[in-house]
Amino acid sequence: MRAETPGPSGFLVVDKPVGWTSHDVVAAARGWLKTRRVGHLGTLDPLATGVLPLAVREATKLVPFLMGGRKRYHAVIRLGVETETLDAQGSVRSTHTGPLPEVAAVQKALATFEGEILQTPPMFSALKHRGVPLHRLARKGLHVERAPRRVRVDRILCLGCPLPDLELEIDCSSGTYIRALAADLGTLLGCGAHLAALRRLASGPFSLEHARQPQELAQLAPGAVAALLIPPAAALGFPVLRLAGAEARRVAHGGEIPAPAGLSLAGAKIAALDPEGVLLAVLELRANRALRPLRVVGVWPRVAPNTPLC
């Protein structure tokens, strides 16, 4: 396979349209940026829209440092109807025929989901069972037992209750399924519910203010799309340390360097920049006050100064 031409690395935030899968966005971005080295930082369902961060080239090595970020969603939950997929894309499983609960009862129920909760992942999800995504098994009519997972919902703000719909803003931990929250709310209220619409407003350090529509990106030249990349060090948000030539060379080869004065918390992570100010590695402060590379994402000296790897 022919090696790719080096190019800029970083993070591109796409405002995912409804109907697109996360993989559709990745495939499109590979064309926009003319590289195969693109990955996303957390799946969004086809029903959902909003913030989908993409890692490009060397930034793909940094995904583990960003996957646990908090999420913010705008959600519409419809009471009275349950679906197979727990959202509006699934077939109706049951319809509530009685009166819907009063708004006060709904708000009281919502409060019980704030804090640390146990949540069972939906069958229609990208989680895998013996290497097979659960949604593929679900579409074959198969059911797999899923262990509940501990997630955290920091805030549920009710923006409006024009029943049967609830309009909510939700801050939560990575791994929280808003579809499952909607279904569990319906069960608690005794009327059933499903997720009617979902928009991700933020994912870790990335928000809608950074996001661009696919239609806009498709019309830009690759260089113009690359200019929109968020630099890796800015996305990580770690303290920054600029290295001298000898230190940069040692870190680029996986070697430790002494920690400068002022760093004292063992386990702290540092974004190490090369002498030109480009991210070279993520370092961790060890108990012996050495900075150990956790992930090297560049080279020093750089082999192609005009086309930086990172």
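Q: Which residues of H8 are buried?
A: In this predicted model, the buried ones in H8 are Ala248, Val251 and Ala252.

Q: How do they fall around the axis of H8?
A: Viewed down that axis, the buried residues of H8 fall within an arc of 100 degrees, so they line one face of the helix.

Q: And what do the buried residues of H8 pack against?
A: They pack against S15, S17 and S18.

Q: What comes just after H8?
A: Gly254, which has a positive phi of about 90 degrees.

Q: OK, the sheet. What is the strand order?
A: The order is S14-S16-S17-S18-S15, in an open sheet of five strands with mixed pairing.

Q: Which strands stand at the edges?
A: Strand S14 (240–242) and strand S15 (257–258). Each has a single partner strand, so one side of each is left without a neighbour in the sheet.

Q: Where does H8 sit relative to the sheet, and at what angle to S17?
A: Helix H8, residues 245–252, packs on the sheet and touches S15, S17 and strand S18 (290–296). The direction of H8 makes about 80 degrees with that of S17.

Q: Do S16 and S17 pair parallel or antiparallel?
A: Antiparallel, over five bridges; S16 covers residues 269–273 and S17 covers residues 279–285.

Q: What stands opposite Ala271?
A: Val282 in S17.

Q: Now the whole chain. How many helices and strands?
A: The protein chain has eight helices and 18 strands.

Q: How much of the chain is buried?
A: Of its 310 residues, 48% count as buried.

Methods: Residues numbered from 1 in each chain as written. Predicted model: local features only at pLDDT ≥ 70, side-chain atom pairs only at ≥ 80, totals over all residues. Heavy atoms only, no water. Pairing = 2+ DSSP bridges. Helix = DSSP H or I, 4+ residues; strand = E, 2+ residues; numbered from the N terminus. Contact = heavy atoms within 4.5 Å. Axes fitted to C-alpha atoms, helices over the stretch in contact; angles between N-to-C directions. Buried < 20%, exposed > 50% of the residue type's maximum accessible area, 1.4 Å probe, protein only. Arc of directions from axis to C-beta.
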